[in-house]
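Student: I'm new to this one and would like to learn how to read it. Could you walk me through it, starting with how the chains touch?

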Amino acid sequence: MNIKEYPEVLLVEDREEDAVLTIRALKKYNLINDIKWLEDGQHALDYLFGTGPEKVLQAIPKLILLDLKLPRVNGLEVLEQIKASEGLKSTPVIMMTSSKEDVDIKKAYELGVNSYIVKPIDFMNFADAVKQLGMYWLMLNQPPKPTQ
Amino acid sequence: MNTSESYSTLSANEKLQQSHKRGVIYSSDSDPSHPAESNSIDIIERDLLRIRERNRALILEELARDVDIFTIMRSIVRSIEEEDAASICTILLYDKVTNTLGTGAAPNMPDFYNDAIDGISVGDGIGSCGSAAFSKKLVCVDNIGTHPYWAAFKELAFRAGVQSCWSQPILSSTGDMVGTFAIYHREPRTPKDVDLERIAYAARFANLAIENRRIRAEILEHKNHLEQLVAERTEALSHANEELEAFSYSVSHDLRAPLRAIAGFSNIMLEDYADKLDEDGQKTLNTIVNNALRMGMLIDDILSFSKLSRAEKVNSTLDMKAIFKNVFDELLRQEPAGHKVVFELGELAPSIGDQAMITQVVTNFISNALKYSRNTPETKIIVSSKIAHGSVIYAVKDNGAGFDEKYKNKLFKIFSRLHNDRDFEGTGIGLSIVKKVIERHGGVVSAEGALGQGATFSFSLPIV
């Protein structure tokens, strides 16, 4: 039986260290109560579209944080499927990646990413970036009302 | 000369026929010219000269164009046949490997004749041509019917309707055998001086043409080989470039992540365990953080260095004054508030180049000027330009820390630094990026300075 899940934020990140730092920064500024962390792109797709054997998403998260380089299915492919889905396409997706490569940035925007953040190496900057994007997308931003 | 020698190679019973023999062996370097004997000869010679000049011009034109050697040899043969209207001429080509002669051009000889002598051996007494090729000397058989050289080919010659054959070896400029030029007549005939001059000319001209085509073919072959080589190298290079691209991509992604963890978790330790760490412990963690950040800068700089050398250069007119101004304004915003800077921006000549790359160059120079004058109370940066040696030279002068001229040659080398990281942080890549970009624009970079007395960095770019 599927367990119902209602995370505010979905984080798809293969590096545990980066996930820990991200979650820590979001929690530190009291931006979230509930975050779901998945480690690869296939898991994320299964979770979002109910195609896997495990837990299935029951409500659309307020925000999806997506790493670019992921095992099995990479972040751009996940992004493409999210933005192609009627139910999910309005959900803000933020690419958080180490890559400053122009091709990645261009591709992500072509696929409809809402923001593209290059993760700073400096922890202070990193925490600040996470705080700002959390504040903006979770507090300032007004998402469309769910249709059902 | 060796006329008698050649005769002495004839067998004894052949000597009986000596009186009938019309064959004479002339040395090819004998002087055929002789003074004109009468006015009518003068006129004939003038006409012949005109014909020769005209034909020579036509053949030279063919040589200049991409006409093949067999067509050109036929033209030479026909031009000689025009000079001596009663003659039939042929060119045979020498094959070194088989030591034989093959038909080169014989447009007025019957096919059966050409086929029959195609591939005849080179050797003493094998017709006129085989003998001429063998001795490298002119061989004149005045009467094919009686000459021993032609004993084996006489019937063939009669069927082709020829009774005399003079054959001049065609020798290359280095003296190698190239082939033979032969003049046949329908009746027994002894060459006159004008004939000897003509056949010598024909052979020389044929050699020039053959050598020309051979060299042309070699050049073409080299050119094709080069083109193939260039294509192969280009492919290898673009492959290497792709690999480098993939490499720098993964460097940019994979090397940053662990650094972020090192810096991040050190910071977590500083935050969460501050009460358990003494000053030394905190200092140690800060050192770890700082080094991780420095490593991050190094990665960024190396990547931009490798990207700049691979990026395509897009030229446009550059408003250098605007570029300098924008860069300075932007960098000044990032300066510590206490750093007072006077910026003197003169009227700068425009240039041509890649806007993004040159902006990077200007950024590196101005940020250096700011960085190395951070300890100078009254920092002054002066930017000027002048025209010299057909290019614009831009100079950025500061009154900062300067450098020791002794180590000037190390300034633009990648990873080499003239200052301690404690005094002025840096990766040692900035100026090597500058040098690379300016050199890609056909310019040069230079620096002047003295320790503690500021520095002036100059770079040249094309004039608009």
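Tutor: Happy to. Two residues are in contact if their C-beta atoms, placed from the backbone, lie within 7 Å. Keep in mind that this is a predicted model. By that rule, 15 residues of chain B are in contact with 14 residues of chain A.

Student: Which elements give two or more residues to the side of chain B that touches chain A?

Tutor: Those are helix 8 (193-272) and helix 9 (279-310) of chain B. Helix 8 of chain B supplies the largest share, twelve residues. Sorted by class, that side of chain B has eight nonpolar, five polar and two charged residues.

Student: And how do I read a nonpolar core?

Tutor: Think of buried nonpolar residues joined through C-beta atoms within 7 Å. Here the largest such core has 51 residues, and Met73(B), Ile76(B), Ala206(B) and Ala209(B) touch the most other members. Helix 8 of chain B turns up again, giving the most to this core with eight residues.

Student: Leaving aside neighbours within four places in sequence, which residues is Ile76(B) in contact with?

Tutor: Ile59(B), Ala202(B), Phe205(B), Ala206(B) and Ala209(B). There is also a second, separate core of 42 residues, which includes Val12(A), Ile64(A), Val78(A) and Ala108(A).

Student: Now the strands. How do I see which ones pair?

Tutor: Look for bridges: two strands pair if there are at least two between them. Take strand 7 (residues 177-185) of chain B. Eight bridges join strand 6 (residues 164-171) of chain B to strand 7, running antiparallel, and Leu171(B) has Met177(B) as its bridge partner.

Student: Is strand 7 of chain B mostly covered or exposed?

Tutor: Mostly covered: nine of its nine residues are buried. In the hairpin of strands 6 and 7 of chain B, with five residues between the strands, Gly175(B) takes a positive phi near 90°.

Student: What does strand 2 of chain B pair with over five bridges?

Tutor: Strand 3 (residues 100-105) of chain B, again antiparallel, with Asp95(B) and Thr100(B) as bridge partners. Their hairpin has four residues between the strands, and Asn99(B) takes a positive phi near 55°. Two bridges then join strand 3 to strand 4 (residues 120-121) of chain B, also antiparallel, and Thr100(B) stands opposite Ser121(B).

Student: Why is strand 3 of chain B called largely enclosed?

Tutor: Because five of its six residues are buried.

Definitions and conventions. Residues are numbered from 1 along each chain as its sequence is written. Chains are lettered from A and ligands numbered from 1 in the order in which they are written. This is a predicted model: local features need pLDDT of at least 70, side-chain atom pairs count only at pLDDT 80 or more; totals for chains, interfaces and linings use all residues. A residue is buried if 20 or more other C-beta atoms lie within 10 Å of its own, exposed if 12 or fewer, and partly exposed in between; C-beta atoms are placed from the backbone. Ala, Val, Leu, Ile, Met, Phe, Trp, Tyr, Cys and Pro count as nonpolar, Asp, Glu, Lys and Arg as charged, and the others, Gly among them, as polar.
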